[in-house]
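Dear colleague,

Please find below the structure that I am handing over to you. My notes on what was found in it follow directly after it.

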There are 2 protein chains.
Amino acid sequence: MQISDVAKAANLPVKTVRYYADIGLVKPAGRTSSGYRSYDETGLGKLIFVRRAREFGFSIDECRELLGLYEDKNRSSADVKKLALIRLGMIEEKQRELQALHDELSRVVHACAGDNRPNCPILDHFR
Amino acid sequence: MQISDVAKAANLPVKTVRYYADIGLVKPAGRTSSGYRSYDETGLGKLIFVRRAREFGFSIDECRELLGLYEDKNRSSADVKKLALIRLGMIEEKQRELQALHDELSRVVHACAGDNRPNCPILDHFR
DNA sequence: ATAAAGGTTCTAGTTAGTGGAAGGTCAAGG
DNA sequence: CCTTGACCTTCCACTAACTAGAACCTTTAT
């Protein structure tokens, strides 16, 4: 498979796949005689794996770590769970922050008449 | 006031205040003979305003727009409310995404034994 | 033969700053 | 008067995770 094929199959932009190859995250199986990257099923699997992990908010470095576990036959599921739990905690923290933000912004928005008068509680709130 | 004074008063790092001056977001009132930036109460007010707006997730460009409204005596509160409502919608969208993410990750984490066996539902899930 | 649609590398830009180096300025203390 | 330390200045490089574009090469089809 050449780059556009795996990109399509993994639902990633070609540029991103090339980027992942550049940073050594998911390298192509080889190159054609003319220098084209060529990918096999394993590479495709990793790309899909990385896309999913990224959607879960794992950073590139965490993906690298997860890929290591994914490849390592001796990995324990405890290692993976540890990473996932940290990530889950971060998501929950983010949710709390977002909720506080939402409540406050919502409050000031509803206090604002939204008319043509220059008086505005939203701006006053920021002051 | 010199830069460290406003930085402290606005609760922003000195570097950030300098950066805001560089990009023309909040410029100092003037410079001393030796080239030090000097700020007045207006500048401090704007810095505080920007910090708060940033905490609400407004981008630098949006802050620029808000500052314009904040300075414009003819601004209508409708303009401000429009910006704030867009932002509120984005926060709500982010909340929904985060919730979906949380549910899915939480589900796979709880399906994982977290022991020393190489079998791991989390990694399987990414596959 | 040539044109379109792929591929390649490289550079530079994005966001919103942060870190550090090299050097100028200011007030206090010896 | 000199030095020390805490300020200040500019400038350059770096961060995360790509994305855009330029210049150029290869493959395939007409």
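The expected span of a helix is 1.5 Å times one less than its number of residues. Please keep in mind that this is a predicted model.

Helix H4 of chain A (residues 60-71) has 12 residues and should therefore span 16 Å, which agrees with the 16 Å between its end C-alpha atoms. The buried residues of H4(A) are A:Cys63, A:Leu66 and A:Tyr70. They lie on the same side of H4(A) because they cover an arc of only 65° around the axis. In an α-helix there are 3.6 residues a turn, so residues three or four places apart point the same way. On the face of H4(A) turned away from the buried side are the exposed residues A:Asp61, A:Gly68 and A:Glu71.

Two or more residues each come from H2 (14-22) and H4 of chain A, and from H1 (3-10) and H2 (14-22) of chain B. H2(A) gives the largest share of this surface, 3 residues. By class, the surface near DNA strand D has 6 nonpolar, 8 polar and 5 charged residues.

The largest nonpolar core has 22 residues, of which B:Val6, B:Leu47, B:Val50 and B:Ala53 touch the most other members. H3(B) provides the largest share of this core, 4 residues. A second, separate core of 21 residues includes A:Tyr39, A:Ala53, A:Phe56 and A:Phe58.

Yours sincerely

Methods:
Residues numbered from 1 in each chain as written. Chains lettered and ligands numbered in written order. Predicted model: local features only at pLDDT ≥ 70, side-chain atom pairs only at ≥ 80, totals over all residues. Buried ≥ 20, exposed ≤ 12 C-beta atoms within 10 Å, placed from the backbone. Arc of directions from axis to C-beta. Nonpolar A, V, L, I, M, F, W, Y, C, P; charged D, E, K, R; others polar. Core = buried A, V, L, I, M, F, W, Y, C linked by C-beta atoms within 7 Å.
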